[in-house]
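Please work through each task before reading its solution.

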Amino acid sequence: MHRVTEVEKIVKQLASTDVNDQERGMFLADEILQNNVKTDVSDIGELKAKTNRTLINKYSAEESDPNKISQEAFKRSVERDAAARAEDRKARNERAETYKRIGNGAFKESDYEKAVTYFSKALEQRRDSAVLWNNRALSYMRLGLFEKALLDCNWALKVNEANIKALLNSAKCHKSLGNEEQCRNFIQLARERNPKFQSYISEFERNLESEATPQLTREAANDLID
């Protein structure tokens, strides 16, 4: 009954034309709300107030106190989370592989814009694949978008800093952009990080120097796509 009287008092104060009464009413209303009190209307239209106890009992004893949850229950919870993450990762990898196959097909048909679209879709599913970054970089290179290709090469190198395709494609992009020093730097990095591929890198360098404006032929590009 005390609450009913209190709420009625607040309503009257809020409806008052006196500014001081309105302020007191707002203060009391805020106080009730902060104490987790809510109002409702009874069957006979009487305004009542009652404490919202759902917040108090929101968490079970086990959830609120880690000391009360058994080790077995905790392990089961962790295992369920791990299984869900593994299933999600598997599904994303499968979608990425599907998009990659479509992108590869478009690339081999010289539809490089479509290839970019589908390699991008694949990368939305998984970003830890140097193959996908390299494939999209090659597509950008075929479109003459060397700066975008360089960004993708950089991402591939974040996945694997020794990735020879990303290193040599970076060199080719810099050569096309007129950055001779950067081109040489990436060739040197390729040598340092891939000591077993010295002859391959030397051949790449000779071919690069023989081209005034290095461009991948369609056949060479198709050989590089994974």
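**Exercise 1.** Are Arg 136 and Asp 152 buried or exposed?

*Solution.* The model is a predicted one, and the accessibility classes are assigned from it. Buried means under 20% relative accessible area, and both Arg 136 and Asp 152 are buried. The next step is to examine their contact: the two side chains meet in a salt bridge, with an N to O distance of 2.7 Å. Arg 136 belongs to helix α6 (residues 130–142) whereas Asp 152 belongs to helix α7 (residues 146–159), so the pair ties together parts that are 16 residues apart in sequence.

**Exercise 2.** Which parts does the pair formed by Arg 191 and Glu 205 tie together?

*Solution.* Begin with the contact itself, a salt bridge between the side chains of Arg 191 and Glu 205 at 3.1 Å, N to O. Then locate the partners: Arg 191 lies in helix α9 (residues 180–193) and Glu 205 in helix α10 (residues 198–210), so parts that are 14 residues apart in sequence are tied together. Finally, Glu 205 has a relative accessible area of 25% and is therefore partly exposed.

**Exercise 3.** Classify the accessibility of the partners in the salt bridge between Asp 128 and Arg 126.

*Solution.* The side chains of this pair, Asp 128 and Arg 126, meet at 3.0 Å, N to O. Asp 128 counts as exposed because its relative accessibility is 51%, while Arg 126, at 26%, counts as partly exposed.

**Exercise 4.** How many salt bridges does a search of the whole structure find?

*Solution.* The search finds seven.

Key
Residues numbered from 1 in each chain as written. Predicted model: local features only at pLDDT ≥ 70, side-chain atom pairs only at ≥ 80, totals over all residues. Heavy atoms only, no water. Salt bridge = Lys/Arg side-chain N within 4 Å of Asp/Glu carboxyl O. Buried < 20%, exposed > 50% of the residue type's maximum accessible area, 1.4 Å probe, protein only. Helix = DSSP H or I, 4+ residues; strand = E, 2+ residues; numbered from the N terminus.
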